[in-house]
Amino acid sequence: FRIMAGKVKWVTDIEKSVLINNFEKRGWIQVAENEDWNFYWMSVQTIRNVFSVETGYRLSDDQIVNHFPNHYELTRKDLMVKNIKRYRKELEKEGSPLAEKDENGKYIYLDFVPVTFMLPADYNLFVEEFRKNPSSTWIMKPCGKAQGKGIFLINKLSQIKKWSRDSKTSSFISQSSKEAYVISLYINNPLLIGGKKFDLRLYVLVSTYRPLRCYMYKLGFCRFCTVKYTPSTSELDNMFVHLTNVAIQKHGDDYNHIHGGKWTVSNLRLYLESTRGKEVTNKLFDEIHWIIVQSLKAVAPVMNNDKHCFECYGYDIIIDDKLKPWLIEVNASPSLTSSTANDRILKYNLINDTLNIAVPNGEIPDCKWNKSPPKEVLGNYEVLYDEEMAQSDGPDRDLRSRSGQSAGVKGNRARDSGKPVLTTWK
């Protein structure tokens with residue numbers, strides 16, 4: 001039988017060895033240099049080819065693959081924002097209390113993505129927003145790139161003239177050859193530790209979208225910048241100050257190759273509990289879990305929920321100095337390359353635990369099984385959300401989880417009590 005199928009170039013020898021070791025450990029295969037046996041952790045391009053209508057390929061029941069066919073609905077920066085905006089609008093139309101707004105027109109429960117526009121399509125809308133607060137800083141990112149490539153910050157409209165503006169109409173010229181970008185309001189008040197900016201890399205496994213069932217990996221980490229943060233406009237071009245991507249920071253003079261500029265999530269928790277208190281820390285992590293679940297719910301209706309698929313996403317979260325978490329992006333292929341000894345252990349365990357959930361341990365893979373593994377095989381994963389279980393507890397469960405109080409019947413409004421609430425979606 002085959003677990004992963006399709007020929008693809010390995011990103012690194014480390015990833016190949018870790019995966020093959022995991023396969024062998026389960027007694028699934030004996031690794032042999034034989035063209036009849038191909039066991040691969042598929043790239044997103046290979047997945048696209050497998051599910052392409054042109055190829056005419058059909059997966060058999062014993063083939064399980066590690067991406068959903070249209071994963072990009074969540075992992076492409078512009079589509080993620082588009083789907084979250086659509087989700088909020090739909091909840092508003094339904095009169096859902098989850099879509100409640102405050103007196104300033106901001107979502108109370110669903111305000112977790114920075115103000116974002118697509119370029120070139122939304123250029124005029126962006127200019128209108130920029131002029132409301134001309135001193136603001138914005139961050140531009142190419143929609144289809146990763147590892148911090150092509151990202152830059154701006155604080156003047158003249159800085160994006162390279163995309164060429166029609167001087168007569170002051171409208172953005174859309175050219176098919178131009179790469180699509182998103183431009184987002186920069187979080188210029190990040191929570192700093194040791195004066196440095198950081199973000200969170202969290203791993204989330206989705207075994208099925210309909211019904212939605214997802215798992216949070218407990219061993220995420222923080223990625224720190226190597227240079228102390230300053231909001232000064234003179235440092236806008238210094239990516240060692242602003243971007244936490246290891247692919248960028250490892251080229252800095254102050255990069256530490258032993259710890260790799262990383263902290264475990266458990267260390268962050270300890271730090272926050274000691275400096276801000278346990279209640280506030282619990283509330284922060286509950287809000288992070290909320291963000292993840294709502295982002296998955298936003299794309300669930302449009303996701304091609306193929307029974308052969310599972311996916312491990314890399315979520316990037318930034319926390320501001322008011323301890324409000326923001327969803328920055330979601331990665332379809334979070335790096336499995338290890339930059340430190342601790343990294344290698346973490347990522348080996350991540351793959352091991354992911355496979356234990358995606359495929360029944362020691363058994364022939366079967367895409368028809370119910371994808372609900374027993375608790376003892378979860379390893380470092382914990383159930384984050386189980387839609388079937390949530391529905392059995394009533395339609396207002398999500399709001400009760402979020403606001404810390406009971407919500408009335410659909411349409412009643414419930415204010416956020418501010419009380420810390422542990423995740424209750426399990």
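**Figure 1. An aromatic cluster in the predicted model**. Five named residues, Y203, Y215, Y217, F221 and Y381, belong to one aromatic cluster. The model shown here and in the other views is predicted.

**Figure 2. The aromatic pair of F68 and Y209**. Searching the whole structure gives 13 aromatic pairs. One of them joins F68 and Y209 in an edge-to-face arrangement, with 5.0 Å centre to centre and 75 degrees between the planes. F68 sits in the loop between α2 (44–50) and α3 (72–75), while Y209 belongs to strand β8 (residues 196–209). The two residues are 141 residues apart, and their pair links distant parts of the chain. Both F68 and Y209 are buried.

**Figure 3. The tilted pair of F152 and Y181**. The ring centres of F152 and Y181 are 6.3 Å apart and the planes meet at 55 degrees, so this pair counts as tilted. F152 is part of strand β3 (residues 152–154) and Y181 is part of strand β6 (residues 181–185), so the pair ties together parts that lie 29 residues apart in sequence. F152 has a relative accessible area of 17%. Buried means under 20%, so F152 is buried. Y181 has 10% relative accessibility and therefore also counts as buried.

**Figure 4. Lysines over aromatic faces**. K85 is placed over the face of F117, at 5.9 Å from the ring centre. K101 is placed over the face of Y107, and here the value is 4.9 Å from the ring centre.

Conventions. Residues numbered from 1 in each chain as written. Predicted model: local features only at pLDDT ≥ 70, side-chain atom pairs only at ≥ 80, totals over all residues. Heavy atoms only, no water. Phe/Tyr/Trp six-rings, centres within 6.5 Å; stacked < 30°, edge-to-face > 60°. Helix = DSSP H or I, 4+ residues; strand = E, 2+ residues; numbered from the N terminus. Buried < 20%, exposed > 50% of the residue type's maximum accessible area, 1.4 Å probe, protein only. Lys NZ or Arg CZ within 6 Å of the ring centre and 35° of its normal.
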